[in-house]
Amino acid sequence: MLPIDEPESGFIGREESDCYLGAAMRDVEIISETASGVIATGRRFGRRWFIKALRPELADASCMRRRLIKEFEIHSRLRHPGLSQAAALEEIDGLGLSIVQEWVEGTNLHEALRQGSLTPSQRRRVLRELTGIVAYLHSCGVVHRDIKPSNVMLRSAGGEVVLVDFGLADTDDYVEIKQPGGTPGFISPEQISSGGANPADDIYSLGVVMRELCPRYSVLARRCTGPLRRRPKDGGALLKLLQRRARRPRLISIALIAAAIVLMGALALWRITMLENDSQYSGQRLTDLAAKNARNEALVTTLHDSLTTVHTRLDSAQTKLNSTQTELNKISDYEQLKRASLTTGYEQIDRRLQQSDRETFSKFSNGDGERYVAALVELGKTQPKAIEQYCASIAKAGLTPEDLEKLRTDLYNYQSLRLSEYQARWTKKIYPDWQ
């Protein structure tokens, strides 16, 4: 149930809270720590439980306790097979105030995609189930705000999808702790600027996951990550679009089968009619054989003319084939241009990040926090400018506006992913006490 190789999620700002009390827990074992929390497991009544608590130095901070309580209150009221169960909010010896949740045995989607263990049909099923879970959340007025592969579990038994980690979830019921929150690369631009609980934020995150999970759904993924006015309004609307897309191949197959049956029936009827006509006129044909022998010379001439016509048509077909091949070559050259443009853009992003790492960030050490933040802000300004300059230069190469926009989106997403990887390494060096 823990994120793998991805930036840690978090709120921006703090509030205060009260606490709840619960039952005891046996065999408590800490398995991980984050910047603000402790992840542990325990046993009770023969079951294994997932425990989420605060770090010891933050355990008495009222704002952190209120966040933990808000997470439990939102999570505990949800009932869906695709959501882990929040069982209790209680004081646990050695951990303090903790959320006790169902332990989901399995692997997360991030690890499954990295291993390449999912077939195309399994990927589509995972996407449909995940969208159905999000549709349920939105119907309850809840926005998850942290949808990403590492927060999507696949059960070991049956492979069912389970959405976990409601640390950033929010609803309109709450008027406090409304700070923006999410994970770089998956958070929507609107969430970064204003926060709140808008289903469109989850739709954006689902679009990013969809791009990696089902590449053939690229058009729908672009719609989900595009401007707010073009996105489906919530998970239910997106689920309907997915169901409609899934039915389309089935309807086409049914139409083709029906057309084939009608065609076969028409051919059979035509054949029967021809046989009947042959039977009726067979006697007359025998009588006409003698007359036809006299026309053999004319028949040979006709055959010769027919062959000439066939050769002419073959020449015309060859000309069309050559023209088609020329068009195919143009299409192939255009596809090579798109791939080369994307590859060059990726390489430029990598070179700029490597240069910044080598010339600036690698020279920082513990205690250089202010210089590190200033350098990071400057890097955040220069990277988008470089991408826009590159896209402006590529526009002259002949890409269509649609492909140029897709190239720009892919470069921004790639830059976000690569920058988050470098930032994790730099942060660990500047703040070695963070886990």
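Here is a walk through this predicted model, from the whole chain down to one serine. Residues are numbered from 1 along each chain as its sequence is written, and side-chain values use heavy atoms, with hydrogens and water left out. Because the model is predicted, local features need pLDDT of at least 70 and side-chain atom pairs count only at pLDDT 80 or more, while totals for chains, interfaces and linings use all residues.

Let's start with the chain. Its secondary structure comes to ten helices and twelve strands; these are DSSP runs numbered from the N terminus, with helices being H or I of at least four residues and strands E of at least two. Take the contacts in the chain with a separation of 6 or more: 68% of them come from residues 24 or more positions apart, where contact means heavy atoms within 4.5 Å.

Now to helix 1, residues 62–76. With 15 residues at 1.5 Å each, it should span 21 Å, and its end C-alpha atoms are 21 Å apart, which agrees; the expected span is 1.5 Å times one less than the number of residues. Helix 1 is mostly covered, with twelve of its 15 residues buried. Among them are Arg65, Arg67, Lys70 and Glu71, along with Leu68, Ile69 and Phe72.

Three strands form an open sheet in the order 7-9-10, with antiparallel pairing; two strands pair if DSSP finds at least two bridges between them. Strand 7 (106–108) and strand 10 (161–163) are the edge strands, each pairing on one side only. Neighbouring strands of this sheet are turned by 30° against each other on average, direction ignored. Strand 7 is joined to strand 9 (residues 152–155) by three bridges, and Gly106 stands opposite Arg155 in strand 9. Helix 3 (residues 120–139) lies across strand 9 and strand 10, running at about 35° to strand 10. Axes here are lines fitted to C-alpha atoms, for helices over the stretch in contact, and angles run from 0 to 180 degrees between N-to-C directions.

Finally, Ser188 sits in the loop between strand 12 (181–182) and helix 4 (189–194). Is Ser188 buried or exposed? Ser188 counts as buried because its relative accessible area is 1%. Not counting residues up to four places away in sequence, Ser188 touches Asp201, Tyr204 and Arg231. A polar atom of the Ser188 side chain lies 3.1 Å from the backbone nitrogen of Gln191.

Technical notes: Buried means under 20% relative accessible area, exposed over 50%, partly exposed in between (1.4 Å probe, protein chains only). A polar contact is a pair of N or O atoms within 3.5 Å; within protein, one must be able to donate a hydrogen and the other to accept it, and residues adjacent in sequence count only if both atoms are side-chain atoms.
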